[in-house]
Amino acid sequence: MKGKKDLREWWLKQLETLSIRDDVPTPQKMYQNLPNDLQQNVHDRGYWTIIKLAIHLYYLNLYLKVMRGEKQKRLFNRIAYVDTFAGPGIVRVKQKHFFYGSPLLSILGPKENKFNTYIFIEKEQGAYVVLERVLRNLEEQGFLKNVSWQIIKQDMNDVDYSAILSDFDHSLVFVDPEGIEPHFSTIEKIASHNCDLVLNYMDSGVKRLYNRTDILERFFCGNLTDLKGPADLFDRYLECIRKIRSEVKYINVRGLGSFGYIILFAVRKTKGGNPWFKALDNLKARVEQTQSMTFQAILEQFTGEQSIILDQDPNQ
């Protein structure tokens with residue numbers, strides 16, 4: 001297990017990666033370049049969103065390193081990135097701090113290896129317009145040379161995934177809802193294609209809906225009447241995911257109070273036993289070691305709101 005100083009330095013490095021890219025406008029600059037009427041579509045997010053983005057970028061790099069390796073490249077020549085809840089592409093925290101959202105991280109994050117195309121799905125008009133404007137601006141400024149991308153303005157449950165995935169040898173699909181929007185039947189349709197799945201399970205939100213089995217059951221893969229309590233919900237969801245992917249790992253992210261979510265990574269088992277998948281264990285250890293108040297203090301140091309972080313654990 002890493003010490004507090006090592007953990008702090010690791011997070012400071014991640015925060016820099018999420019907000020500063022060489023020779024590319026910062027997310028704050030992108031936000032400032034938006035007309036006022038579009039800026040209002042970039043909503044404030046909690047600090048835990050940044051943790052999720054760091055996890056996402058870690059897996060993006062891991063996935064591309066494997067898929068663009070000499071052996072895998074021969075098998076999977078054309079690969080796609082699919083973001084089913086793309087959002088506006090810019091994340092704002094505490095009204096004044098800005099980070100790249102998952103669509104921009106997918107394109108700008110990995111320095112060398114790239115996807116053949118990027119498919120962003122967003123049904124909300126405000127977020128859709130902002131994301132399109134940001135990408136068009138980057139394109140016009142020459143930052144998206146030879147980058148193929150499209151935005152689909154549609155509910156992710158209504159998308160024809162066969163139409164968008166059948167032309168690719170493999171895909172990375174990111175499912176990041178705010179609640180229980182994805183129907184499990186949709187997840188099954190996506191999983192019928194050759195792809196890795198990264199899913200955000202909103203643990204605290206799902207638990208609050210425990211008594212609403214009428215709406216929860218479409219989020220799961222079957223009847224929930226045999227569950228003993230809210231604590232059983234995630235185990236049931238894990239069972240559902242393991243029906244469509246044999247190899248599953250997950251990382252718990254805890255926010256303030258009872259708030260929390262779980263990021264799942266679901267892949268098919270390979271003949272070699274997925275040795276690269278074990279790299280997620282190191283990430284899991286770092287993230288789950290990080291307590292909410294500790295991360296807030298690190299974020300404050302990064303943004304200049306706190307110049308020094310003492311070695312004393314702020315949770316004590």
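Me: Which residues does Trp-149 touch, not counting residues up to four places away in sequence?
Reply: A contact means heavy atoms within 4.5 Å. By that rule Trp-149 touches Thr-117, Tyr-118, Phe-120, Leu-135, Arg-136, Glu-139 and Leu-144, leaving out residues up to four places away in sequence. This is a predicted model: local features need pLDDT of at least 70, side-chain atom pairs count only at pLDDT 80 or more, and totals for chains, interfaces and linings use all residues. Residues are numbered from 1 along each chain as its sequence is written, and side-chain values use heavy atoms, with hydrogens and water left out.

Me: Where does Trp-149 lie?
Reply: Helices (H or I, at least four residues) and strands (E, at least two) are DSSP runs, numbered from the N terminus. Trp-149 lies in strand β6, residues 149-152.

Me: Is Trp-149 buried or exposed?
Reply: Buried means under 20% relative accessible area, exposed over 50%, and partly exposed in between (1.4 Å probe, protein chains only). Trp-149 has 13% relative accessibility, so Trp-149 counts as buried.

Me: Which side chain has a polar contact with that of Trp-149?
Reply: A polar contact is a pair of N or O atoms within 3.5 Å; within protein, one must be able to donate a hydrogen and the other to accept it, and residues adjacent in sequence count only if both atoms are side-chain atoms. The partner here is Glu-139, at 3.2 Å.

Me: What about Thr-117, and where is its place?
Reply: Thr-117 sits in strand β5. Thr-117 is buried, at 7% relative accessibility. Its side chain makes a polar contact of 3.0 Å with the side chain of Ser-148. Thr-117 also touches residues including Ile-79, Tyr-81 and Phe-168.

Me: How many aromatic pairs are there?
Reply: A pair of aromatic rings is described by the distance of the centres and the angle of the planes. Rings of Phe, Tyr and Trp (its six-membered ring) pair if their centres lie within 6.5 Å; planes under 30 degrees apart count as stacked, over 60 as edge-to-face and the rest as tilted. The count by this rule is 23 aromatic pairs. Take Trp-11 and Phe-295: their ring centres are 4.9 Å apart and their planes at 75°, so the pair is edge-to-face. Trp-11 lies in helix α1 (residues 4-19) and Phe-295 in helix α14 (residues 292-303), so the pair ties together parts that are 284 residues apart in sequence. Trp-11 is buried at 0% relative accessibility. Phe-295 is buried at 0% too.

Me: What type of pair do Tyr-81 and Phe-115 make?
Reply: Their ring centres are 5.6 Å apart and their planes at 55°, so this pair is tilted. Tyr-81 lies in strand β2 (residues 79-83) and Phe-115 in the loop between α6 (102-108) and β5 (117-121), so the pair ties together parts that are 34 residues apart in sequence.

Me: Which residues of α14 are buried?
Reply: They are Ser-292, Thr-294, Phe-295, Ala-297, Ile-298 and Leu-299. These buried residues pack against α1, α4 (48-67), β3 (90-93), β4 (97-100) and β9 (247-254). Just after α14, Gly-304 takes a positive phi of about 85°.

Me: Which aromatic residues form one cluster?
Reply: The cluster is made up of Trp-10, Trp-11, Tyr-47, Trp-48, Phe-259, Tyr-261 and Phe-295.
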